[in-house]
Amino acid sequence: MELRRAFRVNGFLALLVLVVVGGAALAGGIVATKSLSDGGGAGAAAGAVIGYVIAAAALVLLTGLTTVGPNEAKVVQFFGRYIGTVSEPGFFCLVPLTDRRRISLRVRNFETQTLKVNDFDGNPIQIAAVVVYRVVDSFKSAFAVDDYEEYVQTQSEAAVRHLATVHPYDAAPDTAPAGRAASGPDAPGDAPARTSLRNGAEVAEELTAELSERTALAGVDVLEARITHLAYAPEIAQAMLVRQQAAQVVAARSRIVEGAVGMVGMALDRLTAEGMVELDEERRASMVSNLLVVLCGDRSAQPVVNTGTLYS
């Protein structure tokens with residue numbers, strides 16, 4: 001069984017017809033009853049019965065009147081059987097004696113709880129996400145799951161947990177994950193670096209796609225899912241901060257050394273090209289050493305004036 005449109009007619013037209021017909025039938029029944037009490041025959045009795053039956057039928061049909069607001073749907077059941085859905089806003093007359101369940105089609109959002117989970121490297125982290133979704137299939141939302149809102153929340157937390165376990169907090173392509181062998185498909189030399197959880201755009205796209213697959217069963221379309229909170233667990237936060245600072249220091253030093261080597265090479269090439277001074281291997285080594293100390297040191301160099309020769 002799948003989503004289908006329920007039978008309905010214009011509510012205002014149906015209300016007008018039912019009021020007129022029901023009122024006329026009731027009036028006719030009353031007149032026939034009075035005629036019967038005055039000694040009328042079988043015709044008066046039949047007229048009274050028909051009038052009251054039509055009035056009762058009109059009263060029953062009035063129970064089919066319902067209103068549907070913007071961005072909502074009414075799932076209609078007739079004695080337990082699904083007979084269709086009304087999703088257009090307005091005033092309608094449906095099949096009488098039906099049960100009508102309201103399903104909101106508005107865009108909704110909620111934030112998951114802050115979850116504590118180990119990332120791809122095995123580091124405990126705290127993570128939470130905001131999920132934006134809406135119902136696109138009211139039949140599945142009403143009958144495929146017990147409570148589609150609870151279903152979406154549970155699946156969202158499961159998807160966030162799974163996302164955290166397949167991505168590291170910080171991408172480190174040159175190191176193997178803690179507790180994992182450096183071989184196979186996850187080996188650093190065989191596969192590219194995994195996307196960091198802090199790479200918001202890519203991670204959000206992956207989380208949205210996974211949630212869309214998980215919630216399709218409930219007739220829900222996930223519009224966006226994005227991480228709103230990401231941090232190391234308190235017990236390792238300080239250690240991770242020290243590690244990040246050390247990584248930044250190493251990266252900065254590597255950049256400085258790279259630039260210093262280029263500058264030393266350029267200086268030696270210029271001296272040789274312009275013939276300003278002839279340098280043997282020992283003097284070139286001494287100059288390289290001095291230049292690297294000056295360029296790579298984290299403190300200002302203190303010049304030393306040599307009044308003798310290089311070899312004294």
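F139 and F143 sit together in helix α3 (residues 138-143), 4 residues apart, or about one turn of the helix. Helices here are DSSP runs of H or I with at least four residues, strands are E runs of at least two, and both are numbered from the N terminus. This is a predicted model, where local features need pLDDT of at least 70 and side-chain atom pairs count only at pLDDT 80 or more, while totals for chains, interfaces and linings use all residues. Residues are numbered from 1 along each chain as its sequence is written, and side-chain values use heavy atoms, with hydrogens and water left out.

**Aromatic rings**

- The structure holds 7 aromatic pairs; rings of Phe, Tyr and Trp (its six-membered ring) pair if their centres lie within 6.5 Å, with planes under 30 degrees apart called stacked, over 60 edge-to-face and the rest tilted.
- F12 and F91 have ring centres 4.9 Å apart and planes at 65°, so this pair is edge-to-face.
- That pair ties together distant parts of the chain, with F12 in helix α1 and F91 in strand β5 (residues 90-93), 79 residues apart.
- F12 is exposed at 58% relative accessibility, whereas F91 is buried, with a relative accessible area of 19%. (Buried is under 20% relative accessible area, exposed over 50% and partly exposed in between, using a 1.4 Å probe and protein chains only.)
- The rings of F139 and F143 have centres 5.4 Å apart and planes at 50°, so they make a tilted pair.
- F139 counts as buried at 13% relative accessibility, and F143 as partly exposed at 34%.

- Three strands form an open sheet in the order β4-β3-β6, with antiparallel pairing; strands pair if DSSP finds at least two bridges between them.
- β4 (81-86) and β6 (99-104) are the edge strands, each with a single partner, so one side of each has no neighbour in the sheet.
- Strand β3 (residues 72-78) pairs with β6 in the antiparallel sense over 6 bridges, and A73 has I103 in β6 as its bridge partner.

**The nonpolar patch**

- L13, L16, V17, V20, V21, I50 and I54 make up a nonpolar surface patch with about 620 Å² of accessible area together.
- α1 (11-37) and α2 (42-61) each supply at least two of the patch residues, and α1 gives the most, with 5 residues.
- I54 is in helix α2 and counts as partly exposed at 36% relative accessibility.
- Accessible areas come from the Shrake-Rupley method with a 1.4 Å probe, and for residues only the protein chains shown count as cover.

Technical notes: Patches are made of residues with over 30% relative accessible area and no salt bridge: like charges are joined within 9 Å, nonpolar side chains (Val, Leu, Ile, Met, Phe, Trp, Tyr) within 5 Å. A salt bridge is a side-chain nitrogen of Lys or Arg within 4 Å of a carboxyl oxygen of Asp or Glu.
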